[in-house]
Amino acid sequence: MIIVLTGLHGSGKSYFANNICKKYGFEIIYKNDLIKEMCKKMNINSWHEWYIESFNKDFITTTIKILQNLPKDKDVILDSIHSYDEWMVAKKYLKDVYLALIITPENIRKKRYEKDDFLKDIKRINYYHNKENNNINCLYACATWAFNGIASDEINEKSFLELLNYIDSNKTKENKLERKKKLWK
């Protein structure tokens with residue numbers, strides 16, 4: 001199972017991954033670290049330049065290359081995806097993938113900001129949206145679940161367990177539907 005996190009800078013994605021998800025055996029994978037490792041193997045010095053150039057040139061191929069480097073046999077938290085297009089590729093390419101949104105009030109995020117995070121969030125918000133066939137698609141609207149980045153660990157842990165229960169119950173329903181379809185063939 002892969003749970004992909006999304007949210008603005010300072011929302012608590014990394015904290016959530018390391019303090020809640022890790023307790024339940026999830027491996028935490030940071031997308032930037034994955035890209036850095038890929039670039040190292042390709043002898044590319046500037047991972048950031050490579051990523052921006054490659055993503056802008058062909059986001060589908062670039063996203064697939066990144067996703068191919070995820071462990072296949074583990075439960076993973078991927079921190080993070082920040083565009084609607086990227087999420088559509090992940091959904092199509094990966095099985096058993098879910099999008100989790102971490103939300104936090106602006107005044108709290110601002111206290112957590114590092115240099116230029118506010119400016120980065122302006123860009124990020126634009127990436128969340130995709131205009132296609134006169135429709136505006138929003139990454140946040142695709143989320144399977146949402147967590148509050150200022151809620152207590154206890155509350156977020158309970159909510160994480162509820163997400164896992166939700167996923168398990170949906171898998172059970174999907175398996176039953178598949179069995180019924182096979183019976184009717």
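Predicted model: local features only at pLDDT ≥ 70, side-chain atom pairs only at ≥ 80, totals over all residues.

Student: Okay, how many salt bridges does the structure hold?

Tutor: There are six salt bridges in it. One of them joins Glu157 and Lys23, with the closest N and O atoms 2.9 Å apart.

Student: And where do those two sit in the chain?

Tutor: They come from distant parts, 134 residues apart. Glu157 is in helix H8 (residues 153-184), while Lys23 is in the loop between helix H1 (13-19) and strand E2 (27-30).

Student: Is Glu157 buried or exposed? And what about Lys23, buried or exposed?

Tutor: Glu157 counts as buried, because its relative accessibility is 18% and the cut-off for buried is under 20%. Lys23 is exposed, at 53% relative accessible area.

Student: Which residue does Glu27 form a salt bridge with?

Tutor: Its partner is Lys74, and the closest N and O atoms are 3.0 Å apart. Glu27 belongs to strand E2 and Lys74 to the loop between helix H4 (59-67) and strand E3 (76-79), so this bridge ties together parts 47 residues apart in sequence. Glu27 is partly exposed, with a relative accessible area of 28%, and Lys74 is partly exposed too, at 42% relative accessibility.

Student: What about Glu154, which side chain does that one meet in a salt bridge?

Tutor: That would be Lys158, at 3.6 Å from N to O. Both residues are in helix H8 and four residues apart, so about one helical turn separates them.

Student: Why does a spacing of four work within a helix?

Tutor: An α-helix has 3.6 residues a turn, so residues three or four places apart point the same way. As for accessibility, Glu154 is exposed at 53%, and Lys158 is exposed at 52%.

Student: Switching topic: at what angle do H2 and H3 cross?

Tutor: Helix H2 (residues 31-41) and helix H3 (residues 47-57) cross at roughly 100°, and their axes come within 9 Å. That makes H2 roughly perpendicular to H3.

Student: Which residues make that contact?

Tutor: On the H2 side they are Lys31, Asn32, Ile35, Lys36, Met38 and Cys39, and H3 brings Trp47, Trp50 and Tyr51. Sorted by class, the contact has six nonpolar residues, one polar and two charged.

Student: Which residues of H3 are buried?

Tutor: Trp50, Tyr51, Ser54 and Phe55 are buried in H3. These residues cover an arc of only 115° around the axis, so they lie on the same side of H3.

Student: And what's on the other side of H3?

Tutor: There you'll find Glu49, Glu53, Asn56 and Lys57, which are exposed.

Student: What covers the buried residues of H3?

Tutor: The cover includes H2, H4 and helix H5 (84-93).

Student: Tell me about H4, then. How does H3 pack with H4?

Tutor: Their axes are 5 Å apart and the angle is about 130°. That makes H3 oblique to H4. Trp50, Tyr51, Ser54, Phe55 and Lys57 from H3 meet Phe59, Thr62, Thr63 and Ile66 from H4.

Student: How do the residues of that contact divide by class?

Tutor: In the contact of H3 with H4, five are nonpolar, three are polar and one is charged.

Terms used. Residues numbered from 1 in each chain as written. Heavy atoms only, no water. Salt bridge = Lys/Arg side-chain N within 4 Å of Asp/Glu carboxyl O. Buried < 20%, exposed > 50% of the residue type's maximum accessible area, 1.4 Å probe, protein only. Axes fitted to C-alpha atoms, helices over the stretch in contact; angles between N-to-C directions. Parallel < 35°, antiparallel > 145°, perpendicular 65-115°, else oblique. Contact = heavy atoms within 4.5 Å. Nonpolar A, V, L, I, M, F, W, Y, C, P; charged D, E, K, R; others polar. Arc of directions from axis to C-beta.
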